[in-house]
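Biologist: Could you take me through one part of this model closely, please? I would like to look at the place where the two chains meet.

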Amino acid sequence: MPDPRFKVLTSASTSGPGDAGRTGSWRVERPVIDMSSCIPAKTGKHACHLCWLLCPDNVVSKEIEPAIDLEYCKGCGICAQECPVQAISMVPDADFLEGADSE
Amino acid sequence: MKTTARTTVLNLTEEEFIHPGNRACSGCGLSILYRVGVKALGRDCIFVVPPSCLTVMQGLYPIAATQMPVLNGTFASTAAIATGVKAAMRRLGRETQVVAWAGDGGTSDIGIQALSGALERGEDIIYICYDNEAYMNTGVQRSGTTPQGSLTTTTPFSGKSEVGKDLPAIIAAHNPAYLATCSASYPLDFHDKLLKAKQIKGLKYLHVQTPCPPGWGIEEHMTVALGRAAVETGLFDLYEIENGRMQLTGPSQQLLAKPTLRPVREYLELQTRFKALGDAQADALQAQVDRRWAGYRDRFR
């Protein structure tokens, strides 16, 4: 039993996303996947998934049609660079501003 | 001899142990490593981390980007803390893996005496050094492993004049249970080497070259391409040493079959940190790589 005269303080972080906030705001260009040339999406089978493997920020899903979590995607562009069929292009985020600001 | 099945992108677990939205820079090589490496370690492990980019990545109170317990220690005592944590786990009868994960400054400069002691005692821990070739977390100051000719914020305008330490060779001289070099551009190779290290008793040391976009002066999307260039030009070799026997592994082993490697300049020209490097220095580096690889071809082919 701890000494009742002292207050026991514990500080432990809780595990969760967004330690640095919504890191999607760091982004200048966002990755856009062209599903007609993406190998898993085109063939309907799990294949390369390099965008998932090499994403530093764990925002690309390992699905037949890979989805990118734009709330946290920092826009580094490794996925676009490493895609074996260049199915991912980096599009300026400003092009999407109108839709994002309408709320 | 080699019977271990390789992990592929298809059978690599989808379970994630780190969260998005952490403090790592965009395009961080360490993030790729950490994300994929932790999948090999599994949940039953404790990290010991000195001040480094990894400390930053793991988050500040109250949110942590990792799901594993992390003990933040001081620079000089990483391996000593890991020793203590392992001893506590042994006393409690737990099989928990203790993983010390430090940067190149924390390993080659400040933490080397504690690591050397742990190696000599043969502690049953995994020590991972991610080598981004300078003190990146504090703003790109030169470290012991910074290569010759590289620009940092604390080197002359002509670049670092001294030759970088060959840290894996220093560790190899201690005869560790297992030693491997890896690259952030080949995360599956790193994953498999960690799986192997988990099965071995004694100190397992993994040295990982980790491209750093702000520190090396590369574009964020080039992280993986650059690490691959370092391996394919023969500048950074992937090998493992087990029971005193060295062999090239994975991508580096495949290079043995090729008559020539990519020229070193292809790697150097991608980075602004080598812009002070003269032609003579680049040629000398190329000659050095050629000599080393001629030796490898004689030995392993």
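Modeller: Happy to! Contact here means heavy atoms within 4.5 Å. By that rule, 44 residues of chain B and 34 residues of chain A take part. A word on the source: this is a predicted model, where local features need pLDDT of at least 70 and side-chain atom pairs count only at pLDDT 80 or more, while totals for chains, interfaces and linings use all residues. Residues are numbered from 1 along each chain as its sequence is written, chains are lettered from A in the order in which they are written, and side-chain values use heavy atoms, without hydrogens and water.

Together the chains bury about 3000 Å², 54% of it on carbon and sulfur atoms; buried area is the accessible area (1.4 Å probe) lost on putting two parts together, summed over both. B:Val9, B:Pro20 and B:Arg35 supply 20% of the area that chain B buries against chain A, more than any other three residues.

Two salt bridges link the chains (a side-chain nitrogen of Lys or Arg within 4 Å of a carboxyl oxygen of Asp or Glu). One of them joins B:Arg228 to A:Glu82, at 2.2 Å from N to O.

On the side of chain B that touches chain A, helix 1 (29-41) is among the elements giving two or more residues, and helix 1 of chain B gives the most, with five. Helices (H or I, at least four residues) and strands (E, at least two) are DSSP runs, numbered from the N terminus.

Finally, strand 1 (residues 14-15) of chain A pairs with strand 2 of chain B in the parallel sense, over two bridges; pairing requires at least two DSSP bridges. There, A:Thr14 has B:Ile63 as its bridge partner.
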